[in-house]
Amino acid sequence: EYLQLYKGAPEVLGVADEHITSYVTEGFRVIAIGYKKQATSEEFSMAEILPLALVVFEDKIRSQAKSSIVECRKAGISIIMITGDNILTAEHVAREVGIVTNEKNILITGQELDLLSEEDLIEKIHDIKVIARANPLHKERVVRALQEKGEVVAMTGDGVNDGPALSLANIGISMGKTGTEVAKEASDLVLVDDDFSDIALAIFEARTISENIRKTLTFLMTAATSIVIAVLGSVFFSLPLPFLAVQILWLNFITAGFLDFSIATEKSEPIYRKYTYHRYKGSLLNLYDITRISTLGVYIGVVTLGVFYVFLQVLSLDEARTGIMFLISAFIWFNALNVRKNYDTIFSFNPFTNWYISVGIILEALILLGSIYFGAGNMLFTTAPLPYQLLL
């Protein structure tokens, strides 16, 4: 005799047992084992399979999964579970981890998904949270429907058949431990330890990098704007140029240049987790950033020009330039501390927690003082020694 062994979903193999429902509603996964005895070697078929056993096991939910999904929801990230499990098992897990949270959420099987037209799927896609007994082709349909809605889609997968959907998604994420080479090649990212929470952490880390780029640009453009305002103002009022070319280079490459690297090391702020991806669409700098650059740039430029005018009445030209070079450097140092937070000022947080910035400011101050009070510095930057009280 020839023995054929089958394993799969109980309903697919035609295995019925009163205990299956109780198992799956409690979140257990149930696989049926069936067999056939044949007198001759024949092809496998789904007819007349005799039940042999049920394999019942629990796929433990990782402890950090639930908190990660909560964080994702706060950050405007929606999650859809697509699984080959029984829909009752999937529902139990989805409710346990917080994917399904209200009665508007739709839970369907792959067979029910096949009955939906593309238009119906696109219309309902934001309410669909669980697709059970799904095959890899269903992932492609879901990705397309979400993209038709204008969403940015990240999709996870591990099998050979997941390759097309991983390629189709905006960001394909394959599993590093269980993923096939085909899935890894088709994906943009490989999740080394197969842990969902790492995806959320990566999103928040990417936001931190983006915000730090934004802060660095805001800092640099504020400094540049203030210098331009001061120079243009001096031309308009027929004053001598407040800065020589070498002094402008000094301000851009030394005073601002050290600190832009330091600002890029700024740690994440809790508010980043409340932002949605809409913040990161379009221009890198938003209206708030541009307003901040303009306001601070004009303010620093006008004050610098005013002080320069006063200095010209009582100091030589070189001394006046040296004085406002120190003044605008101090403005830049304080702005480096202030720009660390998007909506807070240095009066509402400890400005010295980023020691890169603190050390950068100290080094720049020492170098600047050296250029003022040492002969070589005076020659190189056309500066002049000033009374200490004036700098203070």
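The model is predicted, so local features need pLDDT of at least 70 and side-chain atom pairs pLDDT 80 or more, while totals for chains, interfaces and linings use all residues. Residues are numbered from 1 along each chain as its sequence is written, and side-chain values use heavy atoms, with hydrogens and water left out.

User: Why is the pair Trp-250 and Phe-381 called edge-to-face?

Analyst: Rings of Phe, Tyr and Trp (its six-membered ring) pair if their centres lie within 6.5 Å; planes under 30 degrees apart are stacked, over 60 edge-to-face, the rest tilted. That rule gives 9 aromatic pairs. For Trp-250 and Phe-381 the centres are 4.6 Å apart and the planes sit at 70 degrees, so edge-to-face it is.

User: What makes this pair a tie between parts of the chain?

Analyst: Trp-250 belongs to helix 11 (residues 245–263) and Phe-381 to helix 15 (residues 375–381), so the pair ties together parts 131 residues apart in sequence. Helices here are DSSP runs of H or I, at least four residues, numbered from the N terminus.

User: How do you know what a compact globule of 392 residues would have as its radius of gyration, and what does the protein have?

Analyst: The rule is 2.2 Å times the number of residues to the power 0.38, with the radius taken over C-alpha atoms. A compact globule would come out near 21 Å, but the protein has 32 Å. Its C-alpha atoms fill a box of roughly 110 × 40 × 35 Å along the principal axes.

Conventions. Helices (H or I, at least four residues) and strands (E, at least two) are DSSP runs, numbered from the N terminus.
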